[in-house]
Amino acid sequence: MIVLGIETSCDETSAAIVKNGRYVLSNIVASSIKQHKKYQGIIPEIASRAHIESISAVVEEALREASKKNSDIDLICATSEPGLIGSLLVGISFAKALSFALQKPMLEVNHLHAHLYANLLSANSRRQLKPPFIGLVVSGGHTCLFYVSKKFDFNLLGTTTDDAAGEAFDKVAKILNAGYPGGPVIEKMALKGNTQETKFSCKGHNGLNFSFSGIKTAVLYKTKELSTGHKSQITSHKKKNIAAAFQKAVVDTLIEKSLLACRIYKIKTLVVGGGVSANNCLRRRLTDEGKLNNIKVYFPELKLSLDNAAMIAGLGYQLYKKRGGER
Ligand code: KG4
Ligand code: ZN
């Protein structure tokens, strides 16, 4: 079965062709990130205009790269939530129009659930990975733990009560004047910093919920405290130490809560997805902690960690099958 996936929840316009929910034949991503950089955050109006401008070309490119024609498409899937409403509307409207024109079924897919499904498309894990598993989604807008059943039901176990992990990376990068998006730049700075000089924590929530707003404020106060001179500046060395300590605290809490969820639900498989899952410190430390606790931890291939349409097409295929193929 050939599925066309469309993803437009934030700043990436993406279209993909996936075969039988497993094999990515193409996965085209066009990003408007350059237009948002100067604002150090996503501007919804700019994002939705960029989707309108590029969606037709991105879908055509996905078909061309997969050597498929419109008539080869069996199912069309598009992200329905969560995301920027104007951006989502572009993808959903395009998918509905195409579904009507081609007389092919169309299915709406949840973006967070799809981030976990990205692991089932990844070359290193698609053969052995099967639900049930615990899923940790760490993206720019969400931090959630799910219990994913054998039949791909996603049960929410915990979520952030304020900022998301990715959002905290972005805001800390802004405080340190390091650029946007914050995740990759903080990760790079942290490599050259040490975690001994400053300590942060994301404590404050027992159970499976998260909180990342307190640490952002702690970073702000620490940066002010360490700033010196009449221009009140902080040295690049101290910035790197703050980045390292911040990243450590975020990774500590992600590890603690996801292993707790595995323990509570007696599950030995943990699957991670979303933009922050590209972070190498998280990848290395969670994998090591998993081994110590006899839990197998999966991360998606790097290109499937960030927003993409292949994960939408892949999960859409499973949900369509589950429904018995009806519209
Ligand atoms: O899943 P995603 O691409 O978009 C949303 O659904 O939000 O995630 C974007 C988030 C941003 O906050 C970005 O700073 C973060 O993922 N991110 C990272 C890294 N790469 C991207 N965070 C930490 N380390 C990274 N290497
Ligand atoms: Zn995402």
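Which residues come nearest to ligand 1? Gly140, Asp170, Gly183, Glu187 and Gly275 do, out of 20 residues around ligand 1. A residue belongs to that set if one of its heavy atoms lies within 4 Å of the ligand.

Ground rules follow. This is a predicted model, in which local features need pLDDT of at least 70 and side-chain atom pairs count only at pLDDT 80 or more, while totals for chains, interfaces and linings use all residues. Residues are numbered from 1 along each chain as its sequence is written, chains are lettered from A and ligands numbered from 1 in the order in which they are written, and side-chain values use heavy atoms, with hydrogens and water left out.

1. **Shell composition.** The shell around ligand 1 divides into six nonpolar, eleven polar and three charged residues.

2. **Where the shell comes from.** Helix 4 (111–117), helix 5 (165–175) and helix 6 (182–191) each give at least two residues to the shell of ligand 1. Helix 6 has the largest share, four residues. Helices here are DSSP runs (H or I, at least four residues), strands are E runs of at least two, and both are numbered from the N terminus.

3. **Polar contacts of the ligand.** His115 places a polar side-chain atom 3.0 Å from an oxygen atom of ligand 1. Gly183 uses a polar backbone atom, 3.0 Å from an oxygen atom of the ligand. Asn279 has a side-chain N or O atom 3.0 Å from a nitrogen atom of ligand 1. Taken alone, ligand 1 exposes 550 Å², and the protein buries 89% of that. A polar contact is a pair of N or O atoms within 3.5 Å; within protein, one must be able to donate a hydrogen and the other to accept it, and residues adjacent in sequence count only if both atoms are side-chain atoms. The areas come from the Shrake-Rupley method with a 1.4 Å probe; for residues, only the protein chains shown count as cover.

4. **The pocket.** Ligand 1 takes up the space of the largest pocket. On a 1 Å grid over the protein atoms alone, a pocket is an open set of points with protein on both sides within 12 Å along at least five of seven lines. A molecule sits in a pocket if more than half of its atoms lie within 2 Å of its grid points.

5. **Cis peptide bonds.** Pro131 and Pro132 are joined by a cis peptide bond, omega about 10 degrees. Pro132 is in the loop between helix 4 and strand 6 (133–138). The bond from Tyr180 to Pro181 is also cis, with omega near -5 degrees. Pro181 lies in the loop between helix 5 and helix 6. Most residues other than glycine have a negative phi, and most peptide bonds are trans.

6. **Positive phi.** Gln40 is not a glycine, yet its phi is positive, about 55 degrees. Gln40 sits in the loop between helix 1 (33–36) and helix 2 (44–65). Gln40 counts as partly exposed because its relative accessibility is 26%. Asn177 also has a positive phi, near 55 degrees. Its place is the loop between helix 5 and helix 6. Asn177 is exposed, at 61% relative accessible area. The cut-offs: buried is under 20% relative accessible area, exposed is over 50%, and partly exposed is in between (1.4 Å probe, protein chains only).

7. **A buried serine.** Ser14 is in strand 2 (residues 12–19). Its relative accessibility is 2%, so Ser14 counts as buried. A polar side-chain atom of Ser14 lies 2.8 Å from the backbone oxygen of Ile28.

8. **Pairs apart in sequence.** Ala313, in helix 11 (residues 310–322), is buried at 0% relative accessibility. Ala313 and Leu107 are 206 residues apart along the chain, with their C-alpha atoms separated by 9.4 Å. Tyr221 is in helix 7 (residues 213–226) and is exposed at 55%. Tyr221 and Ile175 are 46 residues apart in sequence and 10.0 Å apart, C-alpha to C-alpha.

Key
On a 1 Å grid over the protein atoms alone, a cavity is a set of points where a 1.4 Å probe fits but cannot get out, and a pocket is an open set with protein on both sides within 12 Å along at least five of seven lines; lining residues have an atom within 4 Å of a point. Ala, Val, Leu, Ile, Met, Phe, Trp, Tyr, Cys and Pro count as nonpolar, Asp, Glu, Lys and Arg as charged, and the others, Gly among them, as polar.
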